[in-house]
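I opened the notebook to look at chain contacts and strand pairing. The entries follow the order in which I looked things up.

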Amino acid sequence: MVAKSSSREGRVWHRYDRRQRLIRYVVLLLSLTVLYWAVSDIDIFWPWVWDAPNQIGSLGARMWPPDPRGLGEILGALLETVHIATLATALTLFVALPVSYIAAQNTTPNRACLWLGRFILVASRSVNTIIWALLFVAIFGPGVLAGILAIMFRSIGFVGKLMGEAIEEIDRRPVEAMQATGASKAKVIAYAVVPQVMPAFFAIVILRWDINIRESTVLGLVGAGGIGVILQGAIDTFAWPTVATILIAIITLVLVGEAVTGVLRRRVI
Amino acid sequence: MTTRSSAPSPRQGRRTWRKPPFIANPWLRYGLWLAVAVYLVWALGTLPFNWARIAEGVPRAARIFGGGFPPSFARADLLFTGFKESLQIAILATLLGVMLSIPFAVMAARNLVPRPVYVVGRAVIIVSRSFHPVIVAILFVAAVGFGPLAGILTLTLYSIGFVGKLLAEEIEEIDWGQVEAMKAAGAGYFATLVYAVFPQILPRQVGLSMYQLDSNLRASAVVGIVGAGGIGGTLMNAFGRYDYDFAFAILLVIIAVILVSEGVSGWVRKQIW
Amino acid sequence: MLEITNLTKRYGNDAPVLEGLDLKVEGNSVVAIVGASGAGKSTLLRCINRLVEPTSGSIKLNGSELVTLKGAALRRARRKIGMVFQGFNLIDRLTVMENVLAGRLGYVNLYQAITRRYPRADIERAFTLLERVEIAHYANKRADALSGGERQRVGVVRALMQEPKILLADEPTASLDPRTSEQIMRLLQSLASELSLPVLINIHNVAQAKAYTERIVGLRHGKMTFDGTPDEFTKSALEAIYGGIEAPDDELTAPAAKPRKGARGVTHDDPL
């Protein structure tokens with residue numbers, strides 16, 4: 001087959017055929033247009049951009065060395081952050097599990113419940129934790145309750161969606177077998193659904209707890225408790241060495257959280 | 001018929017069976033329950049709840065939702081400007097972040113670089129992943145001032161962390177035979193990267209970029225809350241001025257935009273793969 | 001006594017999977033239902049315990065109509081009909097004992113079911129049956145730790161825990177190796193006589209059907225083409241059931257619910 005075409009002289013080779021090239025040019029042109037629009041239209045004072053590295057550098061210099069005073073207060077706030085994340089994750093389950101049950105196609109009692117469940121999941125997931133926090137701070141005032149509720153309301157969508165998917169992906173055959181024994185719907189769920197989604201449940205809860213620890217660190221910036229409150233305070237008073245200590249504390253907390261979830265994941269699953 | 005120790009008393013007629021507990025050791029089992037109870041008491045006891053203020057919550061909620069409905073789109077121009085800025089921040093940050101994530105991903109891939117470089121690359125990725133974008137944003141706002149520049153810098157770093165991590169993992173799993181083939185052909189380090197490594201990670205990279213654009217658009221809505229530009233600032237102002245009807249209008253549009261962006265991003269990724 | 005009259009089942013507007021089927025099973029006989037995949041064997045069995053809703057017709061178990069039952073009455077009827085599945089349909093993450101006791105779910109209340117506090121008589125019966133099939137020492141093992149033959153024995157014991165008036169077995173040996181499937185067939189045969197229980201077995205292995213049952217019913221395209229003793233099951237009867245259906249039988253039996261197997265039973269296990 002090679003010999004057949006080798007008679008022709010002056011062959012050319014292209015990486016892409018004509019249609020592929022056309023698509024690539026259109027996509028490229030479109031991207032460049034969008035980029036040009038974004039760069040030219042954005043409300044940025046360009047001299048500041050060229051000065052930004054200096055500014056960032058000088059901020060970094062002002063933070064050094066980290067100030068270890070107030071470490072006790074920082075550790076207290078870290079603990080509060082962990083409490084917020086943990087309590088919120090625990091509370092989430094009470095809402096997320098029923099919601100996932102009605103939002104899964106194979107367990108939902110009826111169409112109305114299915115759509116209600118899906119609406120709750122979408123609403124919860126579309127609003128960021130910090131926006132939820134803004135809302136709850138306005139309602140319940142600054143403090144940890146607003147933080148816990150904010151984390152909880154965001155987590156319901158996450159846990160509920162993944163649990164709903166886990167329920168939809170179960171093996172149908174044990175369900176059939178349980179129905180054949182004359183078991184009621186509740187018993188079929190207890191025996192054929194719950195055991196099958198248990199591993200997914202643990203994995204999802206552990207994953208969300210890890211994410212919630214990260215998210216709890218920022219709640220304080222809108223007044224919803226945790227380490228963010230003293231971070232905001234330190235920034236407002238230009239106490240940059242303290243800010244550095246808080247940042248180190250946060251990164252340590254996040255890494256410890258990640259390590260703990262790693263161990264839990266290996267233990268439980 | 002032999003019954004092993006796992007089966008209860010072999011005496012006929014008086015056999016019982018209990019479900020074997022999830023945790024075999026009774027001390028550990030009950031200890032765990034006790035630990036959970038103690039933790040709950042401790043956590044709830046030490047957290048500073050301001051009950052007097054919380055009690056006002058119901059009338060306040062009524063006022064907020066009463067003031068919020070129906071949402072007001074009277075200041076649609078402000079809404080539009082905010083979203084335009086969020087979109088611009090997301091686009092520029094994604095572009096910068098995705099481009100910068102490539103060198104950092106190479107640095108953080110164990111199989112391509114010497115150990116010291118690997119440690120630096122990993123450290124950059126770990127640090128940029130550990131900080132929530134809002135914290136990074138507040139620092140950039142402090143350094144370079146209010147406005148979209150801080151937002152772009154924040155989300156660029158955020159993208160480097162996320163895309164860089166996944167890309168580094170992808171690089172570590174590439175088919176090494178292609179790299180050897182390039183080396184055998186006498187290619188240098190960068191030629192090997194371009195011919196043997198990048199083609200293998202490109203599909204993944206394009207998919208990740210689309211995902212990251214979606215993700216950055218979401219995040220750009222919140223970094224504004226601490227002054228890094230975009231719709232978040234507009235939302236924060238509306239809340240601060242008790243303009244709840246405008247705030248709810250913004251929220252509704254944010255949800256709509258996120259849903260659309262999620263759909264578009266998912267569609268594009270499906271087309272690519 | 002099981003009495004099926006004029007049973008028809010069609011999915012949507014497709015050609016019927018079962019058409020005007022009449023079948024009477026009395027006493028403690030073991031009946032094999034043979035037929036190519038997609039002939040409607042599985043649908044027939046599932047119509048009896050209403051895992052599949054019949055389109056029309058009547059199914060009577062010991063004189064009471066099953067087709068019209070709903071809700072709690074249907075569940076009460078189902079617990080008297082044991083079923084053994086091709087894929088065992090065990091709950092993998094639960095222990096053998098829990099799987100076996102699940103056969104009592106139609107009898108115990110929800111609290112007992114969730115806390116696994118089954119009546120002593122149930123546990124006694126479970127141990128007795130597990131010993132009968134020689135797997136009592138696995139009681140506290142997880143179901144997915146067992147081999148295929150052992151898993152099917154758990155499936156059989158679960159069905160027997162229901163104290164059924166009839167046992168349905170849907171291709172109970174199709175997922176097992178030849179030796180193990182012989183054991184399971186022998187087990188079903190002897191249980192039928194020990195417990196004086198009628199057993200309906202869907203099976204595509206004609207040799208096993210002839211060896212372990214006393215009556216063979218042949219289905220083709222949802223209609224009965226043969227009903228008689230294994231001795232009467234001749235080459236012409238076989239031809240009437242499988243004739244013209246060769247290896248790629250999915251096209252020929254297209255309206256069938258789920259074409260799960262190829263025609264292996266015909267081409268490889270065929271004894272004639």
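How many residue pairs are in polar contact between chain C and chain A? I count nine, both residues of a pair at pLDDT 80 or more. I take a polar contact as a pair of N or O atoms within 3.5 Å; within protein, one must be able to donate a hydrogen and the other to accept it, and residues adjacent in sequence count only if both atoms are side-chain atoms.

Ground rules. This is a predicted model, where local features need pLDDT of at least 70 and side-chain atom pairs count only at pLDDT 80 or more, while totals for chains, interfaces and linings use all residues. Residues are numbered from 1 along each chain as its sequence is written, chains are lettered from A and ligands numbered from 1 in the order in which they are written, and side-chain values use heavy atoms, with hydrogens and water left out.

**Chain C against chain A**

I looked up who takes part. Chain C gives 29 residues to the contact and chain A gives 19 (contact: heavy atoms within 4.5 Å). The buried area is about 2000 Å², with 64% from carbon and sulfur atoms. By that area I mean the accessible area (1.4 Å probe) that two parts lose on being put together, summed over both.

I found one salt bridge here. It joins C:Arg46 to A:Glu176, with the closest N and O atoms 2.5 Å apart. The rule asks for a side-chain nitrogen of Lys or Arg within 4 Å of a carboxyl oxygen of Asp or Glu.

Next, the elements on the chain C side. α2 (71-78), β6 and α4 (110-115) of chain C each give two or more residues to the side that touches chain A. α4(C) gives the most, with three residues. I use DSSP runs, numbered from the N terminus: helices are H or I with at least four residues, strands are E with at least two. By class, this side of chain C has 14 nonpolar, seven polar and eight charged residues. Nonpolar covers Ala, Val, Leu, Ile, Met, Phe, Trp, Tyr, Cys and Pro; charged covers Asp, Glu, Lys and Arg; the others, Gly among them, are polar.

**Chain A against chain B**

Here 56 residues of chain A meet 58 residues of chain B. The two chains bury about 4900 Å² between them, 79% of it on carbon and sulfur atoms. I count two salt bridges. One of them pairs B:Glu262 with A:Arg125, the closest N and O atoms being 3.4 Å apart. Seven residue pairs are in polar contact. The chain A side divides into 41 nonpolar, eight polar and seven charged residues.

**Sheet in chain C**

What is the strand order of the open sheet? I read β6-β7-β8-β3-β9-β10 (chain C), with mixed pairing. Strands pair if DSSP finds at least two bridges between them. β6 (81-84) and β10 (223-228) of chain C are the edge strands, each pairing on one side only. The twist averages 20 degrees from one strand to the next. Axes are lines fitted to C-alpha atoms, for helices over the stretch in contact, and angles run from 0 to 180 degrees between N-to-C directions.

Inside the sheet, β3 (residues 30-34) and β9 (residues 215-220) of chain C are parallel over four bridges. C:Ile33 has C:Val217 as its bridge partner in β9(C). Helix α6 (residues 148-161) of chain C packs on the sheet and touches β6 and β7 (166-170) of chain C. The α6 direction makes about 175 degrees with that of β6(C).
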